[in-house]
Amino acid sequence: VSKVVTLLIFTSPAELGLATPLVMIAAIARAARSGILIKGGLYLELLAKADAVVFDKTGTLTANKPEVVQVQSFDPTLNEDDLLRLAAAADRRSAHPLAKAVFEGATRRSIQVPEPQTFEQLQARGVKATVDGKIVLVGNPALLLEAGVTIDQPVAESGRTPVHVAVDGKLVGVIFIADTLRQGARAAIASLKESGVKRVVMLTGDNAATANAIAGELGVDDVKADLMPEGKVAAISELQKQGLKVAMVGDGVNDAPALASADVGIAMGGGGAQAALEAADIALMTDDLSKIVAARSIARRSYRTIQENLWVGVGVVHVLGITAALLGWIGPIQAAFIHLGPDVLVFLNSVKLLRVKIAGT
Ligand code: ADP
Ligand code: MG
């Protein structure tokens with residue numbers, strides 16, 4: 001009887017019930033302290049296992065501080081300031097990072113920007129507004145082409161993002177925006193690769209010339225440009241079909257569906273859109289790309305801790321305990337005491353996550 005009781009004590013793995021949730025609570029708390037909001041333990045595991053990371057470009061890798069650097073008018077009746085004024089009026093209600101740059105570009109030149117009479121945001125293309133009774137389109141070439149505007153002027157491929165402006169069905173000019181890389185973008189991508197990420201991909205609704213210029217500075221493996229939000233979703237499912245676990249990082253402007261369709265969606269907090277924070281599984285409180293590296297380190301560390309806990313709990317103590325009980329080395333009283341051991345070890349090992357040094361936090 002005594003042997004049976006001893007065995008029962010060793011075969012009831014209380015610490016196993018603790019092994020995983022404790023680690024997750026500790027890891028989520030640790031991440032929160034670094035400004036990383038993880039919406040559930042599951043995402044820790046998925047982030048630890050991710051072997052492809054997909055980045056949105058505008059507002060995520062870039063938009064450090066996008067700035068209007070050149071205004072080109074094709075219409076002799078509109079000077080640079082007139083053109084910027086119309087575009088800024090159309091763009092002033094848009095949350096797109098480039099729209100904000102257009103508006104700021106106008107105010108920096110002390111241009112009085114009027115309110116548009118009507119305003120419509122056209123997903124991933126730009127905006128359509130009525131300003132001074134004129135129909136103004138501001139956005140990418142697709143927006144203009146869909147509205148039947150012909151692009152009859154050559155637009156220089158300068159690595160700057162061109163924002164096209166049409167008035168009453170005619171292309172009147174282009175606003176060039178320098179959208180520099182966020183600080184630490186290159187380093188963050190390098191660190192992710194060091195942590196075992198096999199593929200880093202950049203997706204963008206921007207044109208290929210600008211996308212390639214940016215990608216060249218970054219060391220990404222692949223670039224896809226001219227994408228609509230659906231195109232970003234398709235690019236992710238393509239990676240998933242190759243058997244990769246995909247983490248997607250975005251700002252929520254034109255990429256909320258992609259954030260939702262990735263295995264783990266990570267949203268940039270600061271400048272990002274509300275939709276991103278809701279669609280994502282992990283939200284960064286600040287727009288700091290090194291937080292992604294930190295989140296990954298915490299995730300990997302906690303995954304390792306769970307495995308350690310299981311080894312200590314099951315592997316070592318239970319197997320040794322059961323062997324000792326079967327051989328009659330120990331009785332129920334000793335078993336009860338020894339059994340506390342792994343519980344304490346698992347507890348200590350888990351809360352250690354709150355304290356240990358983790359790169360980037
Ligand atoms: P990304 O995928 O890199 O985040 P987006 O899909 O958000 O880029 O935007 C793609 C392109 O659409 C921009 O490069 C810009 O030309 C155009 N665009 C979209 N919305 C606006 C807007 N409100 N004002 C100006 N340009 C816009
Ligand atoms: Mg974006």
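Modeller: Gladly! Helices (H or I, at least four residues) and strands (E, at least two) are DSSP runs, numbered from the N terminus. Aspartate 75 sits in the loop between strand 3 (67-73) and helix 5 (80-91). This is a predicted model, where local features need pLDDT of at least 70, side-chain atom pairs count only at pLDDT 80 or more, and totals for chains, interfaces and linings use all residues. Residues are numbered from 1 along each chain as its sequence is written, chains are lettered from A and ligands numbered from 1 in the order in which they are written, and side-chain values use heavy atoms, with hydrogens and water left out.

Colleague: Why is aspartate 75 called partly exposed?

Modeller: Buried means under 20% relative accessible area, exposed over 50%, and partly exposed in between (1.4 Å probe, protein chains only). Aspartate 75 has a relative accessible area of 21%, so it is partly exposed.

Colleague: What makes a group of residues a nonpolar core?

Modeller: The set must consist of buried Ala, Val, Leu, Ile, Met, Phe, Trp, Tyr and Cys residues joined through side-chain atoms within 4.5 Å. The largest such core has 46 residues, and Phe55 and Leu61 are among those with the most contacts inside it. Helix 13 (residues 290-326) gives the most to this core, with seven residues. Another core, of 27 residues, lies apart from it and includes Leu83 and Val163.

Colleague: How do you know which class the residues lining the largest cavity belong to?

Modeller: Ala, Val, Leu, Ile, Met, Phe, Trp, Tyr, Cys and Pro count as nonpolar, Asp, Glu, Lys and Arg as charged, and the others, Gly among them, as polar. A cavity is a set of points, on a 1 Å grid over the protein atoms alone, where a 1.4 Å probe fits but cannot get out; lining residues have an atom within 4 Å of a point. Leu47, Ala50 and Arg296 are among the residues lining the largest cavity. By class, that lining has eight nonpolar, no polar and one charged.

How values were computed. 1 Å grid on protein atoms, 1.4 Å probe; cavity = no way out; pocket = protein on both sides within 12 Å on 5 of 7 lines; lining within 4 Å.
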